[in-house]
Structure formats: structure tokens, C-alpha cells
Amino acid sequence: RETMDISETILKKSLKQVTGKIDFSMLEAQEIGAVVYNTLPFERTGMVTCTVDVPLSWNLRYANKGRREISIDAADFEGNSIPAQMLNIEDDTVYAYLKYGDTFDFDVSRCRLVMQLKDIPQNGFLALRLRPKEGEQRPVEWISPKANVLENEYLSVKINWNGTLTVTEKETGRVMEQVHFFEDSSDKGGPLVYSPVYERMTMYSLNEPASAALVYNGPLQATYRIMLRWRLPKRVETTLKVHVPHGSEWVDQGRMQRSGEWEELRITTDVTLKKGARCLQFHTVVDNTIKDHRLRVLFETGLSGAMLCRADSPFDIVQREITVPDSSQWYEAAARTWPSHSLVAVSEKEFCAAVYHKGICEYEVLDDDTRAIALTLLRCFGNAGNHTETYEYQELAECQGKSEFDYWLAVYPKKVG
């Protein structure tokens, strides 16, 4: 964490110095200069989301005691127009901090803008001219052309009643069904091992109705918010058995099982599709009220003939067999879950499905016909170690409260690797 903070501070200071050397003298009144940096060693094209502060003193937002909608035109320094879509706008007061501790504030309309940029040079930048103007955008093309549908040049996505997605890759016509659902199972293990109770009561969100709402829609990007309220057993518990024979009585525990008390788990996922993208973007918020459980998100690929999966590690792309070996004669059961740094991919013939993620370090590719990619979002337990150690309840390890996750599903007509 400290290393990241230092690196980010050095990067910001360095980019400020570079930005200060760029000539913005051609900007006209009520125009804003912006710079997009490409820190990678190759040319890039894609969508960029940014925040633009438009001063209220420009009198674009308010006039005649009324509030008006505004939009922003974007262009490069050569005057070439750049496609831009307004995502949201909010009036706010922002503060600027001066070198010696002084501050000043000014009122702005804070605009969140997405732009489609092309050919940003490697290890370089693209300087832009942004001109706010009165009036809202009225596009004629939409990424969501009808209810519960997302579509661009490469993908067609349908949102189903239970919150799952049906994804069609247009170039090959391949359809992936039951994409993005959740699995919840008991966990009485600890940080070293996942250990469900004997009657594990694994549950799936496939049977739960979900709500979907369109958050953003336009020619460059559309986002749906999928909301799931899922009732699950609250914890793992056991019953106490009191034995009263002819002599002294004693007490022991019955079998461990998921409790008869149920609690609501709320999961909210924003699903975004952008123009020209081969991937779906997911931002999931889990408000965890359940203890002693493992929560996973699954993407059924349908690549039943795939025998290998690939996942990245800090220094390599590792190839692993999907088939789980027979470990009945082994001291420990064969591993089903594996580590991943940011990528898990499954391919068959000329088609590949890959899940990219941020900081979700455990995955499994199911050894069945679905070849589903499962990412472990939460493992919640109260035990600090194995069963031979002194038990001390670990409250924080139950991961109560809100957790946020970012991941992407990409489908390609060609094999990765």
C-alpha cells in the first residue's frame, strides 16, 4: 500500500509538470483543455471516462432562475471531432489547494463524460479541447436498443429474469447461456482450506428473481443495474447433546449444519457494454450479512471440449488441466481451486472465453459440461487456523458489510495463447 501511494504521488507530480509544458493558448473563451496519457509501450484505442468541472459562473447551467441541461463537445487540437457521451452531471463546490496551505473554492457542474479516443501514441498523450454548451445530447443510436438488451458490433447480451445473461458473439454465432450467477455454500474451514459441512446445502441464484434497471444509455456506453435479494442460512451451527447415563453426565456437539435462521444477502451488479468492445464490464457490490460461507460468481462458457485453462501469475501465464484427478488414495484431496493474478481463460477450437479481474485471487473451472469459470468473491469463517489449534473466534474474518468487486468477461473468435 505504501509503495502504491508513493508511486501514485510521483506519477501525479510528473504528469503535472508535463501538462504544464503543453501549449493551450489556442483555447477560446469557455473552453477546457484536457490531456489523456498513454503509459503503455504501444498505441491504444478505446473508451476513456473522465470528470469535467464546468464553472457555474459561465451561466450555462442556470438562467432565468431555472436549471438547464448541458452537454460537452470534444475535439483534438487539429479540430477533429471526438465522439463523447454525458453519463451524469451534478452541481457541487470544489476546492483547490495552493502550495502553502491556502485554499479557494468555486461552484461547478461536475460532469462525468465518456469519450471514444483513437491512436493515442505509446508512452505519449493526446491533448483535447472540451467545449460545454447548452442543451442535452439527443442520440439516435443506442447501445441498449430495447429493454434488457445490450448490443454493439461484436456482442449481443440479453438480461434474463433471474439476473443471468445470455451472451451471443456475433462473428461466430456462439451463444453463452447462464452467464453471471452466484453460488453460495457453507464453510467451516479457515484461511488455509475451504471446508464445507457434510450437508453443505450449496445454493444458486438461478432460482431467484432479480430486478434490472437501465442506468446509462447512449451511442458509446450503456449500463444496467441488476439487483438481487437472496435469502440464505445465516451461519453454520451445531446442536449440543447432553448425555445423562448412570454416572456423570457429559456434553458433546452434534453434526455441524447450516442454520435454520435465514438472512437476506443483497447483491448489486452494474453491467456495462461499450461501443467497439469485445468484453462486458461488471462492478458488483455485496452487502454481506451471512457468516461461515463461500460466495462465488460463475460464468458458464459451454466449452465442453476444453481440457485446459490458462491463468496468469506474477511471472507467467500458467496452463492447467481442467479434469480433476482421482485422489481417493491421496493423503489430501486434489485441488479444485487455483490462484490467479488477473486473468482466467478457457478456449476450444477457434473460440475463447476469458474473465479478467482485479484482486480476486481464487478461481476454479468446473469439471463438467458447462466448463464454468468460478471466481471466489468471499470466504467467510470464524476459525483462525486448522482444527488442531486453539480456537479463537475471528470476527473480522466473517467479512461482514459491503465489499466491491470489478471483473470483465471477454469472448473472442480466436484462441488465446
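**Exercise 1. Salt bridges in the predicted model**

Task: State how many salt bridges this predicted model holds, and explain why the pair Asp91 and Arg61 ties together separate parts of the chain.

Solution. Step 1: A salt bridge requires a side-chain nitrogen of Lys or Arg within 4 Å of a carboxyl oxygen of Asp or Glu. By this rule, the count is 22 salt bridges.

Step 1: Asp91 belongs to strand 7 (residues 84–97), while Arg61 sits in the loop between strand 2 (44–55) and strand 3 (62–63), so the bridge joins parts that are 30 residues apart in sequence.

Step 2: Asp91 has 25% relative accessibility and counts as partly exposed, whereas Arg61, with a relative accessible area of 5%, is buried.

**Exercise 2. Two further pairs**

Task: Determine whether the partners of the bridge between Asp184 and Arg258 are buried or exposed, and do likewise for Arg266 and Glu264.

Solution. Step 1: In the bridge between Asp184 and Arg258, the closest N and O atoms are 2.7 Å apart. This pair links distant parts of the chain, since Asp184 is in strand 13 (residues 175–186) and Arg258 in strand 18 (residues 250–258), 74 residues apart. Asp184 and Arg258 are both buried.

Step 1: Arg266 and Glu264 also form a salt bridge, their closest N and O atoms lying 2.9 Å apart. Buried means under 20% relative accessible area, and exposed means over 50%. Arg266, at 41%, is therefore partly exposed, and Glu264, at 26%, is therefore partly exposed.

**Exercise 3. A network**

Task: Name the residues that are linked in a network of salt bridges.

Solution. The network consists of Glu28, Glu31, Arg129 and Arg131.

**Exercise 4. Two loop residues**

Task: Locate Lys234 and Thr301, and describe what each touches.

Solution. Step 1: Lys234 is placed in the loop between strand 16 (221–233) and strand 17 (236–243). Its relative accessibility of 15% makes Lys234 buried. Beyond four places away in sequence, Lys234 touches several residues, among them Ser259, Trp262 and Ile290.

Step 1: Thr301 occupies the loop between strand 21 (293–299) and strand 22 (308–313). Thr301 has a relative accessible area of 2% and is buried. Apart from neighbours within four places in sequence, the contacts of Thr301 include Met176, Ala353 and Arg371. With Arg371, the side chain of Thr301 reaches the backbone oxygen at 2.8 Å.

Terms used: Residues numbered from 1 in each chain as written. Predicted model: local features only at pLDDT ≥ 70, side-chain atom pairs only at ≥ 80, totals over all residues. Heavy atoms only, no water. Helix = DSSP H or I, 4+ residues; strand = E, 2+ residues; numbered from the N terminus. Buried < 20%, exposed > 50% of the residue type's maximum accessible area, 1.4 Å probe, protein only. Contact = heavy atoms within 4.5 Å. Polar contact = N/O pair within 3.5 Å; in protein donor to acceptor, adjacent residues only side chain to side chain.
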